[in-house]
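Try each task before you read its solution.

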Amino acid sequence: MQVTRTRRLMMFLATLLLVPALVAAPVSAAPARPPVPLNPLDQSVLMNQVTPGLVDINTTLDYQGAVGAGTGIVLSPGGEILTNNHVIEGATQISATSLADGRTYPVDVIGYDRANDIALVRLNGAGPLPVAAIGSSATVAVGDPIAAIGNAGGVGGVPSFSPGTVTELGATVRASDEAGGGSRELTDLIRVAADIRPGDSGGPLVNSVGQVVGVNVAATLTYQMGGVRGGEGFAIPIDRAMGVANQIREGAGSVHVGDTAFIGVAVADVHGGTPGAVVRQTLPDTPARNAGLVGGDVITAIDGRPINSASDLSDIMDQHHPGDVIALTWTTRDGVVRTETLVLAKGPVG
């Protein structure tokens with residue numbers, strides 16, 4: 001499984017706190033509608049209501065020499081947490097701090113769905129915890145006042161509060177980081193005029209009565225309104241997010257449940273649209289290194305199935321588990337096509 005992820009603003013810098021944030025380029029056919037001026041949300045009331053049902057998520061990525069931070073939404077008193085897949089992706093250690101009791105808990109991953117960017121995790125030993133008030137995204141309309149709440153900046157403590165309005169429903173974006181890794185198209189999103197920032201990922205988009213109607217997932221960096229630079233973000237509708245969470249519980253659909261399979265490479269899309277996933281780095285004592293892959297090689301197929309991008313590699317690997325045997329095909333830097341049999345190892349999350 002690839003190690004380079006779309007959530008990193010910078011890579012392999014152990015001295016920096018790197019907070020999950022997908023940078024989104026809107027590709028929707030319909031332009032966002034301008035926000036309708038409405039009465040401001042009552043920040044104090046909403047924060048008192050929403051904060052106890054949240055956790056700050058912190059990750060360690062030993063293979064990348066980095067750490068990360070994001071947000072999670074409490075779904076059950078026993079500590080079941082909803083967040084983005086990209087918040088925990090690539091993590092070798094995960095912990096979460098409850099904003100209700102201030103305690104920090106180790107985190108077990110129940111499962112994830114990369115395509116929908118949703119993960120379901122559990123706080124080990126937690127409970128009982130206050131749960132978030134889950135609303136319905138079917139009630140959301142353009143012009144509605146909303147607020148994005150989360151761990152902006154990865155600083156922990158009192159959550160950030162970013163009010164705004166809904167500007168589009170059913171939005172589509174292509175989300176990526178600024179490190180040149182793979183990108184992924186996210187569809188059917190709630191588009192908002194709100195300053196969603198790194199660290200807010202996985203946190204709630206709430207309506208005027210404090211119900212969660214979306215999961216913060218991505219933001220643009222170039223949004224302007226009235227000549228003043230502001231924030232624009234995107235959230236996964238909560239109805240869809242809860243549907244994915246149910247699939248993870250049941251092990252149904254295209255979700256991944258259980259340990260993550262691992263090849264041991266950091267990859268990116270090939271420049272110029274050439275099919276394949278170019279290897280940036282191979283990690284020591286991994287199937288890829290043992291098979292002879294090096295930086296600059298291009299992975300082109302698994303078990304004969306073509307790999308056209310870094311995301312393709314992740315999608316196919318999600319269908320496997322540690323111990324599975326695959327046939328990996330790649331083109332070396334010298335143009336030689338090789339195929340080797342690999343036994344997949346247990347790797348980091350996602």
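**Exercise 1.** Find where aspartate 285 sits in this predicted model, and decide whether aspartate 285 is buried or exposed.

Solution. Start with the place. Aspartate 285 belongs to the loop that links strand E19 (277-282) and helix H4 (287-291). Next, check the backbone. Its phi is near 55°, a positive value in a residue that is not glycine. Last, apply the cut-off. Exposed means over 50% relative accessible area. Aspartate 285 has 75% relative accessibility, so aspartate 285 counts as exposed.

**Exercise 2.** Do the steps again for aspartate 117: which loop holds it, and is it buried or exposed?

Solution. The loop lies between strand E6 (104-113) and E7. Phi of aspartate 117 is near 55°, again a positive value in a residue other than glycine. Now the accessibility. Buried means under 20%. Aspartate 117 has a relative accessible area of 4%, so aspartate 117 is buried.

**Exercise 3.** Identify the kind of peptide bond that runs from glycine 127 to proline 128.

Solution. Read omega. Omega is near -5°, and the bond is cis. Then place the proline. Proline 128 is in the loop between strand E7 (118-123) and strand E8 (145-150).

**Exercise 4.** Describe the surroundings of histidine 256.

Solution. First, the element: histidine 256 is part of strand E16 (residues 256-257). Second, the accessibility: a value of 2% makes histidine 256 buried. Third, the contacts. Leaving out residues up to four places away in sequence, histidine 256 touches Ile110, Gly111, Tyr112, Asp318, His320 and His321.

**Exercise 5.** Which residues of helix H1 (residues 43-50) are buried, and how are they arranged around the axis?

Solution. List them first: Leu46, Met47 and Val50 are the buried residues of H1. Then take the arc. They cover only 95° around the axis, so they lie on the same side of H1.

**Exercise 6.** Work out how strand E22 (residues 325-331) and strand E23 (residues 337-343) are joined.

Solution. Count the bridges: there are 7, and the two strands run antiparallel. Pick one facing pair. Alanine 327 is opposite threonine 341 in E23. Now go to the turn of the hairpin. There are 5 residues between the strands E22 and E23, and in this hairpin glycine 335 has a positive phi near 90°.

Note on methods: Residues are numbered from 1 along each chain as its sequence is written. This is a predicted model: local features need pLDDT of at least 70, side-chain atom pairs count only at pLDDT 80 or more; totals for chains, interfaces and linings use all residues. Side-chain values use heavy atoms; hydrogens and water are left out. Helices (H or I, at least four residues) and strands (E, at least two) are DSSP runs, numbered from the N terminus. Buried means under 20% relative accessible area, exposed over 50%, partly exposed in between (1.4 Å probe, protein chains only). Contact means heavy atoms within 4.5 Å. The arc is that of the directions from the helix axis to the C-beta atoms. Two strands pair if DSSP finds at least two bridges between them.
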